[in-house]
Amino acid sequence: MKHAFYYGTASVLACVLATSAALADVQLLTNGKIYTGNTDAPWAEAVVIEDGVFTFVGDTTAAQSFAGDQAAQVDLNGLTVIPGLYESHVHPQGGGEAMLYQCTLSGDDDFDAFLSAVQTCVDALPEDAWLKGAGWGPQLMSPTERTFPEMLAAFDAVTEGHGVILNDFSRHNTYANSAAMQAAGVTADNTAEFGDLVLRDTEGGLSGFFIEEAGRAVGGVVPRPTAEQEKIALQTAIEVLTGYGFVGMLDSYVFPNNSAAYLAVEEDTGVPMHVGLGLGWNQGDEPLEAYRQAYLEQRALTADIPHLNSYFSKLTLDGTPPTKTAAFLEHYHGTEESGELNYSAEDLAEIVTWLDAQGMSVQMHTVGDRAVRAALDAIEAARKANGDGGPHHQLAHACLIDDADIPRFAELDVVANFSPMFWYPSALADGMLDLLGAERMSDYCPAVKLRDTGSFPNAGSDWPVVPDLNPWNGIEAFVTRANPFGERPGETLAHAEAVTLEQALELYTINGARVLSIDDRAGSIEVGKSADLVVLNHDIFTIPAEQLSETQAEQVYFAGTALLDR
């Protein structure tokens, strides 16, 4: 049975671990099958934890002698243990808000099913409340049964006067009802600046669909959650993440309200994770100096909290393939379109060079291979200007890379960040095949090619853009390159790029720690590193690869503290 997420009952092991953590500063975990992630000594039976770090890793007898009689002891009963996991591209507050406050839609629904889902969400709204949500698929923007005016009229009818803003599955595109457009003051005449990014009917009227940055025309009118709601949303997301075994994450796109939520959670319950805060660089008309000053001010907010690191940045270079806004070197299959970049080469090089000089690790959204090349060119300019000793930079969604650019990842110390939704057969992959052709998809998410040149890709779900946050679905799919949900049996996607289980674990452990620049003190089970680990429900090294997605966390340790109450 495949699990989207598992909330089990409290196990005896969890109780023992939680109790022992409270009883003594020195903890001794013995009789485990511990995969350390340390290539020099990959296996151990026991660990000793003191003051939040591993002080011994080895066999049980030696560990017992090292720890002494006063240590709190836990018998792992042969369970498998791995290093704590890292989520290297996630939007946790957005995920928590989607869970708690928003309408969740399906990308597979036709328009009638979409209307039904929206009606259900509207029926639960208080009077005069707005509805926000996401998940509809690109087929809604290419209607065959109804015209745009007919669709908008039906949309307005089921939303019953509530203002409604719904993003698509990628969160890049927006569908707004008439009430929302009216509240935003949007008309057919005052949206000309966005050109074709505002979809219109045959008479030039608004359809309600706004592509990419055109969504700004309506997005700002939606009432924001309160500061308390944002704190609760972030706390909820952190609970979900730690439940899967994540001990670290890169929060991609952080603005002042998000930083404030982290500070509120830290004061309330603490943030039990290594967190990189990817400060958002919005494309807009303000001069670069204004962004630079905003960055420095925001970075100062978390300067005194060691595990909240604001030396990260996020930029979006292109869009998504379904709207043909992802930027490619060649045309989309059967068209004359190849997408556009959001920055000129000169502006991008200036921005990345300044960020690199500040010690900021830059993550860039790069879906198309032309966006990948543009990002690499900008990083190369930064390395030439600032030297090669700067931070790792990361290209999110970089599954389509021209062969000439593969070696540049290692040469420039750039990390390809892969999202699991891309690397197995699915309706999404089918759409990409239609848009790009089979030849360009033959080495999709080229983990093997990158590893062979000395690069170290990592993994990030992009949740809640992708509803599935479970790392084990991604790990199974990376080992098999097959659909981890039991769908599409017998099919694989770019199977030559399949990796071993140990290599897949690297993507989610030490490679994630490297991007956060903490691999010297976290990311593997070694003496002197943060005592982060996950106790698993079964032995992932002996079960068939097709069962990896059934793996669950029995317990999770962050800096020596047991996190799960199961």
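User: How many cavities of 30 Å³ or more does the count come to?

Analyst: This is a predicted model. Rolling a probe the size of a water molecule over the atoms shows where empty space is left. With a cut-off of 30 Å³ or more, the number of cavities is two.

User: Which residues lie closest to the centre of the largest cavity?

Analyst: The largest cavity holds about 120 Å³ of space. Its lining is made of 17 residues. Closest to the centre are Pro420, Met421, Asp468, Asn470 and Gly474.

User: Which element gives the largest share of the lining of the largest cavity?

Analyst: By class, that lining has ten nonpolar, five polar and two charged residues. The largest share is three residues, and they come from helix 16 (residues 471-480).

User: Where does Pro464 lie, and what is the form of the peptide bond from Trp463 to Pro464?

Analyst: Pro464 sits in the loop between strand 21 (458-459) and helix 16. Most residues other than glycine have a negative phi, and most peptide bonds are trans. The bond from Trp463 to Pro464 has omega near 10°. Its form is cis.

User: What is the phi of Asp51?

Analyst: Asp51 is in the loop between strand 4 (46-50) and strand 5 (53-58). Asp51 is not a glycine, although its phi is positive. The value is about 55°.

User: What is the strand order in the open sheet of six strands?

Analyst: The pairing in this sheet is mixed. Its edge strands are strand 3 (43-44) and strand 24 (561-562), each of which pairs on one side only. The order is 3-2-7-22-23-24.

User: In strand 7, which residue is the bridge partner of Ile34?

Analyst: Strand 2 (residues 33-35) and strand 7 (residues 80-83) run parallel. Two bridges join them. In strand 7, the partner of Ile34 is Val81.

User: How far apart in sequence are the parts tied together by Asp539 and Lys33?

Analyst: Side chains of opposite charge can pair when their charged atoms come close. Asp539 and Lys33 form a salt bridge, with their closest N and O atoms 2.6 Å apart. Asp539 lies in the loop between strand 22 (533-536) and strand 23 (553-558), and Lys33 lies in strand 2, so the pair ties together parts whose separation in sequence is 506 residues.

User: How many salt bridges does a search of the whole structure find?

Analyst: The pair of Asp539 and Lys33 forms a salt bridge. For the whole structure, the search gives 21.

User: Which strands stand at the edges of the open sheet of eight strands, and why is one side of each left without a neighbour?

Analyst: The order in this sheet is 8-15-16-17-18-19-20-21, with parallel pairing.

User: In strand 18, what is the bridge partner of Leu315?

Analyst: Strand 17 (residues 308-316) runs parallel to strand 18 (residues 361-365). Five bridges join the two. The partner of Leu315 in strand 18 is Met364.

User: Which helix gives the most to the nonpolar patch?

Analyst: Met99, Leu100, Tyr101 and Ile232 make a nonpolar surface patch of about 330 Å². Leu100 is placed in helix 3. With three residues, the most comes from helix 3 (residues 92-101).

How values were computed: Residues are numbered from 1 along each chain as its sequence is written. This is a predicted model: local features need pLDDT of at least 70, side-chain atom pairs count only at pLDDT 80 or more; totals for chains, interfaces and linings use all residues. Side-chain values use heavy atoms; hydrogens and water are left out. On a 1 Å grid over the protein atoms alone, a cavity is a set of points where a 1.4 Å probe fits but cannot get out, and a pocket is an open set with protein on both sides within 12 Å along at least five of seven lines; lining residues have an atom within 4 Å of a point. Grid points are joined across faces, edges and corners, and a volume is the space filled by probe spheres set on the points. Helices (H or I, at least four residues) and strands (E, at least two) are DSSP runs, numbered from the N terminus. Ala, Val, Leu, Ile, Met, Phe, Trp, Tyr, Cys and Pro count as nonpolar, Asp, Glu, Lys and Arg as charged, and the others, Gly among them, as polar. Two strands pair if DSSP finds at least two bridges between them. Patches are made of residues with over 30% relative accessible area and no salt bridge: like charges are joined within 9 Å, nonpolar side chains (Val, Leu, Ile, Met, Phe, Trp, Tyr) within 5 Å. Accessible areas come from the Shrake-Rupley method with a 1.4 Å probe; for residues, only the protein chains shown count as cover. A salt bridge is a side-chain nitrogen of Lys or Arg within 4 Å of a carboxyl oxygen of Asp or Glu.
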